[in-house]
Amino acid sequence: RDMGMKTDLADIEGGLPDANTLLTLMGQDKKVVDGKLTFVLTKGIGQAFITSDVPPDAVRDVLQDALSLRN
């Protein structure tokens, strides 16, 4: 945020596609390997890790929740 980057779907102005479409678009990212999304996650400050072991349904649920907060 300090760098002016968007950190939440609520930060994006205008309309957005639904969670399924967002998930499909995320699947086009260059970091997708063998059809799996790659995430950099954190367990705490200084405890970041990279994983592709995130179920698509969990990602979809997070996207749906974030989109619902925009309304």
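1. Rings of Phe, Tyr and Trp (its six-membered ring) pair if their centres lie within 6.5 Å, counting as stacked with planes under 30 degrees apart, edge-to-face over 60 and tilted for the rest. By that rule, this structure has zero aromatic pairs.

2. Some housekeeping: this is a predicted model, where local features need pLDDT of at least 70, side-chain atom pairs count only at pLDDT 80 or more, and totals for chains, interfaces and linings use all residues. Residues are numbered from 1 along each chain as its sequence is written, and side-chain values use heavy atoms, with hydrogens and water left out.

3. Have a look at Phe49: the charged end of Lys43 sits over its ring, 5.3 Å from the centre. (That takes NZ of Lys or CZ of Arg within 6 Å of the ring centre and within 35 degrees of the ring normal.)

4. The largest nonpolar core has ten residues, among them Leu9, Leu37, Phe39 and Val59. Such a core is a set of buried Ala, Val, Leu, Ile, Met, Phe, Trp, Tyr and Cys residues joined through side-chain atoms within 4.5 Å. Two or more residues come from each of α1 (19–26) and α2 (56–70), and α2 gives the most, with four.

5. Now α1. Ala19, Leu22 and Leu23 are buried there (under 20% relative accessible area, 1.4 Å probe, protein chains only). Down the axis of α1, its buried residues fall within an arc of 100 degrees, so they line one face of the helix. Their cover includes α2.

6. Beyond its neighbours within four places in sequence, Ala19 is in contact with Arg60, Leu63, Gln64 and Leu67 (heavy atoms within 4.5 Å).

Key: Buried means under 20% relative accessible area, exposed over 50%, partly exposed in between (1.4 Å probe, protein chains only). The arc is that of the directions from the helix axis to the C-beta atoms.
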